[in-house]
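Here is a short briefing to read alongside the model on your screen.

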Amino acid sequence: MRTAPSIISNDLVVHGNLTATGDIQVDGTVEGDIRSQSLTIGEKASITGEIVAEDIVIRGRVVGTIRGRRVQLASTCHVEGDILHEALAVETGAFFEGACRHSDDPISQQSASTARTAPAPKPAAAPVSTGTGLGSGSRPTAGNDSPVVVNDGGVVVKRPAAQ
């Protein structure tokens with residue numbers, strides 16, 4: 001039986017971890033890890049920490065590792081961090097900087113950030129190409145003005161320039 005989601009409203013700032021067996025909707029700021037069944041991050045929301053959930057919809061800002069069975073990056077999102085997923089959907093206009101990797105069981109798999117004993121340097125972002133979709137060492141992208149570049153297994157998605 002599904003219940004109403006727990007809501008972190010836009011004027012609420014949480015310093016600490018959130019854990020729920022149901023759904024969480026975040027419209028405010030969370031500085032900590034979130035673990036739930038389903039998580040929706042609103043357009044004005046800001047999360048700094050690891051996210052683990054079955055279903056994740058991101059419309060706002062996230063800095064940290066994301067692990068979920070179904071992860072959706074909306075056109076308004078800004079994500080900086082790695083994504084471990086079973087299914088990933090990225091809308092046109094979404095900002096994503098990090099690596100994404102498919103996993104048959106992303107929920108129970110330990111993230112690279114928690115497995116490390118010493119912090120590793122963050123890899124440089126792949127170059128963004130808006131021309132042919134071909135950069136040095138890059139694979140072709142879907143269209144010649146695609147905001148997605150795949151380079152050495154990492155994916156960088158940039159918002160198109162304002163018209």
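This is a predicted model: local features need pLDDT of at least 70, side-chain atom pairs count only at pLDDT 80 or more; totals for chains, interfaces and linings use all residues.

Strands, labelled E, are DSSP runs of at least two residues, numbered from the N terminus.

**The nonpolar core**
- The largest nonpolar core holds 25 residues, and Val26, Ile58, Ile66 and Leu73 touch the most other members.
- At least two residues of this core come from each of strand E4 (23–26), strand E6 (34–41), strand E8 (51–58) and strand E10 (66–73).
- Strand E8 gives the most to this core, with 4 residues.
- As general background, nonpolar side chains in soluble globular proteins tend to be buried together.
- Setting aside residues up to four places away in sequence, Ile66 touches Ile51, Ile56, Ile58, Val71, Val79, Asp82, Ile83 and Leu84.

**Ile58, a core residue in E8**
- Ile58 lies in strand E8 and is among the core residues that touch the most other members.
- Ile58 counts as buried because its relative accessibility is 0%, and buried means under 20%.
- Beyond residues up to four places away in sequence, Ile58 touches Ile41, Ile66, Gln72, Leu73, Ala74, Cys77 and Val79.
- Ala45 is 13 residues apart from Ile58 along the chain, and their C-alpha atoms are separated by 9.1 Å.

- The side chain of Glu54 makes a polar contact with the side chain of Arg69, at 2.9 Å.
- Arg69 is also one of the residues that Glu54 touches, along with Ser36, Gln37, Gly68, Arg70 and Ile107, when residues up to four places away in sequence are not counted.

**Ser103, a loop residue**
- Where does Ser103 lie? Ser103 is found in the loop between strand E14 (100–102) and helix H1 (112–115).
- Ser103 is buried because its relative accessible area is 7%, where buried means under 20%.
- The side chain of Ser103 reaches the backbone nitrogen of Asp105 at 3.2 Å.
- Leaving out residues up to four places away in sequence, Ser103 touches Leu84, His85, Glu86 and Gln109.
- Leu84 is also in the list of residues touched by Ile66.

Note on methods. Residues are numbered from 1 along each chain as its sequence is written. Side-chain values use heavy atoms; hydrogens and water are left out. A nonpolar core is a set of buried Ala, Val, Leu, Ile, Met, Phe, Trp, Tyr and Cys residues joined through side-chain atoms within 4.5 Å. Buried means under 20% relative accessible area, exposed over 50%, partly exposed in between (1.4 Å probe, protein chains only). Contact means heavy atoms within 4.5 Å. A polar contact is a pair of N or O atoms within 3.5 Å; within protein, one must be able to donate a hydrogen and the other to accept it, and residues adjacent in sequence count only if both atoms are side-chain atoms.
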